[in-house]
Amino acid sequence: MNESLFASFIAPTMMGLPIVTLIIMFPSLLFPTPKRLINNRTISIQQWLIQLTSKQMMAIHNQKGQTWSLMLMSLIMFIGSTNILGLLPHSFTPTTQLSMNLGMAIPLWSATVFTGFRHKTKTSLAHFLPQGTPAPLIPMLVIIETISLFIQPVALAVRLTANITAGHLLIHLIGGATLALLNISTMTAFITFTILILLTILEFAVALIQAYVFTLLVSLYLHDNT
């Protein structure tokens, strides 16, 4: 039971070789690129959504922070498409792996912090010590603020991993319960199947929301350092 429950979180292999890299690269093939003077409806809707999201996310940034718009839009599109594709049957979701999420969170967080120390050195150092702090509390507050700063990328990665993993586990458990109840009570199985459909719809929303939350938090860290 435990093996089948967590089988979808095991990195797939082909002929003994991991194919996670190919799975990570696959979502980028789903976004068509405009090659004509007049775009079709799919590309027009895609560009409209990207422009809407970019306008909303970049509204709080200055000119220096807006240079990250391409990076942030690529990030939200990658995470969102990966999460949605992971809801398909017999698929693998890379964002359920904490190592991959840390691999995204740590470099982005480090870049925002280094940007802050490079361009706003005094302001960045001032965050470690609030104004008016009593002298005996200064060492403790500096340590606490330093720890809280280094926890930010871990919180980013753990939040995304936990939400996506929990949703997959719930779908798996309720789906297994529905199959088991078919031979016991058809009415109960129908109720659990209805719950499964509603949960699947919710997970589609969570897949997009978590991509937006992850990117938005990176954007807020960038705003604090530019």
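A residue is called buried under 20% relative accessible area, exposed over 50% and partly exposed in between, with a 1.4 Å probe and protein chains only. The structure is a predicted model, in which local features need pLDDT of at least 70, side-chain atom pairs count only at pLDDT 80 or more, and totals for chains, interfaces and linings use all residues. Residues are numbered from 1 along each chain as its sequence is written, and side-chain values use heavy atoms, with hydrogens and water left out.

Phe150 is exposed because its relative accessibility is 51%. This residue lies in helix α7 (residues 138-181); helices are DSSP runs of H or I with at least four residues, and strands are runs of E with at least two, numbered from the N terminus. Between Phe150 and Ile106 the C-alpha distance is 9.4 Å, at a sequence separation of 44 residues.

Helix α4 (residues 69-85) and helix α5 (residues 98-119) have axes that come within 13 Å and cross at roughly 170°. The pair α4 and α5 is therefore roughly antiparallel (angles over 145 degrees, taken from 0 to 180 degrees between N-to-C directions of lines fitted to C-alpha atoms over the stretch in contact). Met71, Leu75, Phe78 and Ile79 of α4 contact Met100, Met104 and Leu108 of α5 (heavy atoms within 4.5 Å). The residues of this contact comprise seven nonpolar, no polar and no charged, where nonpolar covers Ala, Val, Leu, Ile, Met, Phe, Trp, Tyr, Cys and Pro.

An unreviewed UniProt entry lists "transmembrane region" for spans including 164-182 and 189-222; such annotations may be inferred rather than shown by experiment. Residues 164-182 are 95% helix and 0% strand, with end C-alpha atoms 28 Å apart. For residues 189-222, the figures are 100% helix, 0% strand and 48 Å.

How values were computed:
Angles under 35 degrees count as roughly parallel, over 145 as roughly antiparallel, 65 to 115 as roughly perpendicular and the rest as oblique.
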